[in-house]
There are 2 protein chains.
Amino acid sequence: MKSACYAQCIMKATASDLRDCSIASTLSLIGEKWTILILRDLFSGISRFDDFLRRLECSPAVLSARLKTLTEAGLVRRVSYKEPGERERFEYRPTRSAVELLPVLVGLMQWGDRHLAADGTGPVEIRSRSNGQRVSAALVDEEGRAVSPSDMALIPLARPTTRQD
Amino acid sequence: MKSACYAQCIMKATASDLRDCSIASTLSLIGEKWTILILRDLFSGISRFDDFLRRLECSPAVLSARLKTLTEAGLVRRVSYKEPGERERFEYRPTRSAVELLPVLVGLMQWGDRHLAADGTGPVEIRSRSNGQRVSAALVDEEGRAVSPSDMALIPLARPTTRQD
């Protein structure tokens with residue numbers, strides 16, 4: 001690799017085989033479009049089947065299957081409720097495990113705002129309640145300091161190698 | 001909403017319609033599994049068609065189509081090269097726009113490490129070259145301070161509303 005390209009220097013330290021990496025594993029669970037959109041709606045306060053259906057405009061069968069996947073994966077929990085005179089129904093709520101996906105959701109949103117929205121902003125923005133500042137997904141070290149992409153190294157753990165190609 | 005669920009308080013301030021949000025837009029561009037895995041491999045130093053093919057084990061037609069999508073979207077640029085005695089070929093390199101997706105990729109990886117890997121770690125980890133600390137995707141405010149999920153509010157921009165449901 002002999003490039004002067006801006007991004008080429010990032011994480012070039014390893015040629016370890018990443019086929020079994022955790023990006024692929026996570027994608028196999030939540031990478032399907034409706035699944036991430038359900039998570040998005042959960043975090044905006046939607047909890048009932050009919051409300052998801054109205055917003056997502058997917059088929060009931062697809063919604064039902066995706067909610068089942070999310071529940072079995074521990075990302076969503078079902079809580080029963082009962083309106084007067086109606087049968088028992090279930091609400092869906094995000095778990096702590098789902099909360100840990102927020103950097104992914106916010107990262108997808110901010111990239112779309114910046115690169116795909118007509119005027120560089122989307123229909124919503126995320127701000128801190130306590131100080132009003134805009135919230136974004138970022139790369140940080142263990143002490144919370146910003147890490148530049150060019151400062152990042154990918155370190156193989158399973159199959160250590162010193163190869164630097 | 002009357003829940004005591006940990007995550008329920010997050011971003012519940014709005015019921016604005018998010019169907020056209022930037023998460024959906026970004027997903028429509030890069031949400032397909034192979035596309036994100038191509039980006040992952042680009043950042044680990046892979047740049048040539050045959051190398052992608054060997055690692056991803058998808059069909060050449062799928063790889064070709066996904067690289068075309070990424071190139072047209074400005075996430076990848078093609079650079080020509082020529083081995084002695086062979087015809088001109090192209091390498092694929094991530095652009096600055098692709099670098100801005102790193103929080104998403106790192107977020108997917110760290111979630112999978114934590115929740116799907118057998119021992120809570122994946123085959124690789126990302127560290128800062130300068131201080132050796134582990135790098136993670138996090139939610140921060142404009143001054144880089146960590147923001148707790150419960151401190152996040154979703155503010156509608158396109159269709160302002162004061163509804164708090």
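Let's start with one helix: in α1 of chain A, the buried residues are A:Ser22, A:Ile23, A:Ala24, A:Ser25, A:Thr26, A:Leu27 and A:Ile30. Buried here means 20 or more other C-beta atoms within 10 Å of the residue's own; exposed means 12 or fewer, partly exposed is in between, and the C-beta atoms are placed from the backbone. Helices (H or I, at least four residues) and strands (E, at least two) are DSSP runs, numbered from the N terminus.

A word on what you are looking at. This is a predicted model: local features need pLDDT of at least 70, side-chain atom pairs count only at pLDDT 80 or more, and totals for chains, interfaces and linings use all residues. Residues are numbered from 1 along each chain as its sequence is written, while chains are lettered from A and ligands numbered from 1 in the order in which they are written.

Back to the helix. In α1(A), 7 of the 9 residues are buried, so the rest of the structure largely encloses it. What covers those buried residues? The cover includes α2 of chain A, plus α2 (33-43) and α6 (102-115) of chain B.

Now chain A as a whole. It has 6 helices and 5 strands. Along the sequence the pattern is α-α-α-α-β-β-α-α-β-β-β. Of its 165 residues, 41% are buried. Contact means C-beta atoms, placed from the backbone, within 7 Å. Take the contacts in chain A with a separation of 6 or more: 45% of them join residues 24 or more positions apart.

Next, the two copies. A 180° rotation with 0.0 Å of shift along its axis puts chain A on chain B, RMSD 0.0 Å. The copies are thus related as by a two-fold rotation axis. In chain A, A:Val104 has the C-alpha nearest the axis, 2.3 Å from it. The superposition is by least squares, on C-alpha atoms of residues with pLDDT of at least 70 in both copies.

On to the interface. Chain A puts in 94 residues and chain B 93. On the chain A side, α6(A) gives the most, with 13 residues. By class, that side has 48 nonpolar, 24 polar and 22 charged residues. Nonpolar covers Ala, Val, Leu, Ile, Met, Phe, Trp, Tyr, Cys and Pro; charged covers Asp, Glu, Lys and Arg; the others, Gly among them, are polar. Of chain A's interface residues, 99% are also interface residues in chain B, so the copies meet through the same surface.

Strands cross over too. β5(A) pairs with β3 (residues 124-128) of chain B, antiparallel, over 5 bridges. Pairing requires at least two DSSP bridges between the strands. Which residue stands opposite A:Ile155? That is B:Glu125, in β3(B).

Then the core. The largest nonpolar core has 76 residues, and A:Leu39, A:Leu105, B:Leu39 and B:Leu105 have the most contacts inside it. In chain B, domain 1 (1-16 + 101-165) and domain 2 (31-95) both give residues to this core, so it lies between them. Those domain bounds come from an automatic or database assignment. A nonpolar core is a set of buried Ala, Val, Leu, Ile, Met, Phe, Trp, Tyr and Cys residues joined through C-beta atoms within 7 Å. Not counting residues up to four places away in sequence, B:Leu39 touches B:Ile30, B:Leu75, B:Pro94, B:Ala98, B:Leu101 and B:Leu105.

Last stop, B:Ser97. This serine sits in helix α5 (residues 96-99) of chain B. Leaving out residues up to four places away in sequence, B:Ser97 touches A:His115, B:Gly74 and B:Leu75.

Methods:
Two residues are in contact if their C-beta atoms, placed from the backbone, lie within 7 Å.
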